[in-house]
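Subject: Structure handover

Dear colleague,

Here is the structure you will be taking over. The sequence and the model come first, and my notes on them come after.

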4 protein chains.
Amino acid sequence: MAGGVNKVILVGNLGQDPEVRHLEGDKVVANVSLATTESYKDRSGNRVDNTEWHDLELWDGLAKIAENYLKKGSKIYVEGKIKTDSWQDEQGNNRRKVRIRVQNLTMLDARTDGQGSPSNSSSNQAYNNNPSPQQMPAPNVAEGPADDDDLPF
Amino acid sequence: MAGGVNKVILVGNLGQDPEVRHLEGDKVVANVSLATTESYKDRSGNRVDNTEWHDLELWDGLAKIAENYLKKGSKIYVEGKIKTDSWQDEQGNNRRKVRIRVQNLTMLDARTDGQGSPSNSSSNQAYNNNPSPQQMPAPNVAEGPADDDDLPF
Amino acid sequence: MAGGVNKVILVGNLGQDPEVRHLEGDKVVANVSLATTESYKDRSGNRVDNTEWHDLELWDGLAKIAENYLKKGSKIYVEGKIKTDSWQDEQGNNRRKVRIRVQNLTMLDARTDGQGSPSNSSSNQAYNNNPSPQQMPAPNVAEGPADDDDLPF
Amino acid sequence: MAGGVNKVILVGNLGQDPEVRHLEGDKVVANVSLATTESYKDRSGNRVDNTEWHDLELWDGLAKIAENYLKKGSKIYVEGKIKTDSWQDEQGNNRRKVRIRVQNLTMLDARTDGQGSPSNSSSNQAYNNNPSPQQMPAPNVAEGPADDDDLPF
DNA sequence: TTTT
DNA sequence: TTTT
């Protein structure tokens, strides 16, 4: 035993729409590719962008949030942990893939008009009284069982 | 460009002594393998330990700290960012390796008597010979130029 | 002495325009009031919002960023540390005020057209008048000396 | 509503034994005073220690951990959120107190001999085979209901 | 592959 | 005092 902390905090944009798989037993996984870009000036004073791509894995309630509210370009804050998957490929080589298992997600896009869903702009009234998934993103959601109650309304 | 945050926070123990290389131009790199262990009870009530290994990369002042004060078993707090190195191997395959570039390091071992180590690793010698309580290492060091002043005493 | 970590990570919106003071010797301070809102359902299933207000203190380069780019409503990510100011008030009572000393700031608003503001606050003027793609703000800025170079263009 | 992140990460030492209160309905609260010390050299090259004291509040399972395993001097990692309590004092003045509501706790002391309890040194073997509360701290515990199962053994 |  |  050792105790320990394994925590990742990212703010970035999705490079693609989430890939969501519904598994047996009501399990859901979403895979999300997230870019974090660092911007700095090099010695010559030129601005340089440096982008790191992160493979996120979301389960159950968080996966449903991803499925329903995230898409290519969405900006999110996530908290999670680093997790390395290991396996052997067809040639018998040991392979490893590092992923971020997401434990908390906050959407950072403005929601003034349905986040790119073309129609259905919804007033705040509508948000409180009459939410529907297409209109109302989940601002901050933690990992947990796959109840529909994980959806934020 | 996009702005973004790419932050990792780890608390764990070194699996091995740091590997330190002195490069030309006073540059120093240390590679450190850090274990973070998560402990939980499975459904049958048995305690299960789950260890994740992280490849840390430290430069310059932080690398010297690693060289002089860290060894197998040391417990540390680090803050850094995820960074993927990509290259082609001899067979022409694209390879990727995820590392944590360390930006801040705090030593968490008690320092009362040589961090508990009975024997005489050379780093420990230096550690034990020189310091008096008032001079003991400031266990929290940030990334920066490789001055000797990065050493905490 | 003990080593230690004192880190705060916040994502929220400014409740007011920043208050900026230019001090002697080129020092600049900005005070910013930041709301973080937590949203949950109570037992009766009603959505409840819980807002915490944080007093941020930014110095020099970060203060200039605040002065030039932030205003009431801006959404930001900040990293900093907790810091308690203590003093005696006029009645001789000991008073304490907790502030967040900001060390890193990332702007999270979309920047497509002047950050959504229709009118002409002077900071926004500067923001709108000047920029070409190469000059756009680098939304992620760390604490450091008060050079104009801390401004992201 | 707004989404938002309010996160605090601290590593430090208890200034006093925890103060624990058992409330009706099986609720338990622990108040803990935690010091985080920052160490740096001033312009004259003298080492300066700067200590910040944090008022932590732990509930239920975490409070029991505090009650059973923490004491003056213990080193811990905590994760939590900032939370301001407001009230009126006897003179009718508005008063505010900032506290850290702890959501995660990791004990960082070496466990070689009962964390300062003088006897009962326990090998790792003992840890795996035969743990008893006095010997075996809780390495990493998250906030949750007050089951005895929150105790780590 | 994102974002600006 | 923000935000939705």
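The notes below take up the interface of chain B and chain A, then that of chain D and chain C, and then the strands within chain B.

Please keep in mind throughout that this is a predicted model.

**Chain B and chain A**

How are these copies related? A rotation of 180° with 0.0 Å of shift along its axis puts chain B onto chain A, with an RMSD of 0.1 Å. This is why the pair can be described by a two-fold axis. Val8(B) is the residue of chain B that comes closest to the rotation axis, its C-alpha lying at 2.2 Å. Both copies use the same surface, as 100% of the contact residues of chain B recur in chain A.

Chain B puts 26 residues into the contact, and chain A puts in 26 residues. The area buried between chain B and chain A is about 2,200 Å². Carbon and sulfur atoms account for 47% of that area.

Glu38(A) and Lys81(B) form a salt bridge through their side chains, at 2.9 Å from N to O. Eight residue pairs are in polar contact across the interface of chain B and chain A, counting pairs with both residues at pLDDT 80 or more.

Which elements of chain B supply two or more residues to the side that touches chain A? They are strand 1 (5-14), strand 3 (28-41), strand 4 (47-59), strand 5 (75-88) and strand 6 (94-107) of chain B. Strand 1 of chain B has the largest share of that side, with eight residues. Sorted by class, the side of chain B that touches chain A holds 10 nonpolar, nine polar and seven charged residues.

Seven bridges link strand 1 (residues 5-14) of chain A with strand 1 of chain B, in the antiparallel sense. In this pairing, Ile9(A) is opposite Lys7(B) in strand 1 of chain B.

**Chain D and chain C**

Chain D is superposed on chain C by a rotation of 180° with 0.0 Å of shift along its axis, at an RMSD of 0.1 Å. Val8(D) is the residue of chain D that comes closest to the rotation axis, at 2.2 Å for its C-alpha. The same surface serves both copies here, and 100% of the contact residues of chain D recur in chain C.

The contact draws on 26 residues of chain D and 26 residues of chain C. Chain D and chain C bury about 2,200 Å² between them, with 47% coming from carbon and sulfur atoms.

How many salt bridges join chain D and chain C? The count is two salt bridges. The side chains of Glu38(D) and Lys81(C) make a salt bridge at 2.8 Å, N to O. Eight residue pairs are in polar contact across the interface of chain D and chain C, with both residues at pLDDT 80 or more. On the side of chain D that touches chain C, at least two residues each come from strand 1 (5-14), strand 3 (28-41), strand 4 (47-59), strand 5 (75-88) and strand 6 (94-107) of chain D. Strand 1 of chain D gives the most to that side, namely eight residues. The residues on the side of chain D that touches chain C comprise 10 nonpolar, nine polar and seven charged.

Strand 1 (residues 5-14) of chain C runs antiparallel to strand 1 of chain D, and seven bridges join them. Leu10(C) is opposite Asn6(D) in strand 1 of chain D.

**Strands within chain B**

Strand 6 of chain B has several pairings, taken here in turn.

- With strand 4 of chain B, strand 6 of chain B runs parallel, joined by two bridges. Leu56(B) is opposite Ile100(B) in strand 6 of chain B.
- With strand 5 of chain B, strand 6 of chain B runs antiparallel, joined by 13 bridges. Trp87(B) has Arg95(B) as its bridge partner in strand 6 of chain B. The hairpin of strand 5 and strand 6 of chain B has five residues between the strands, and Gly92(B) in this hairpin takes a positive phi near 80°.
- With strand 7 (residues 140-142) of chain B, strand 6 of chain B pairs in the antiparallel sense over three bridges. Asn104(B) is opposite Ala142(B) in strand 7 of chain B.

Best regards

Key. Residues are numbered from 1 along each chain as its sequence is written. Chains are lettered from A and ligands numbered from 1 in the order in which they are written. This is a predicted model: local features need pLDDT of at least 70, side-chain atom pairs count only at pLDDT 80 or more; totals for chains, interfaces and linings use all residues. Side-chain values use heavy atoms; hydrogens and water are left out. Contact means heavy atoms within 4.5 Å. Buried area is the accessible area (1.4 Å probe) that two parts lose on being put together, summed over both. A salt bridge is a side-chain nitrogen of Lys or Arg within 4 Å of a carboxyl oxygen of Asp or Glu. A polar contact is a pair of N or O atoms within 3.5 Å; within protein, one must be able to donate a hydrogen and the other to accept it, and residues adjacent in sequence count only if both atoms are side-chain atoms. Helices (H or I, at least four residues) and strands (E, at least two) are DSSP runs, numbered from the N terminus. Ala, Val, Leu, Ile, Met, Phe, Trp, Tyr, Cys and Pro count as nonpolar, Asp, Glu, Lys and Arg as charged, and the others, Gly among them, as polar. Two strands pair if DSSP finds at least two bridges between them. Copies are superposed by least squares on the C-alpha atoms of residues with pLDDT of at least 70 in both.
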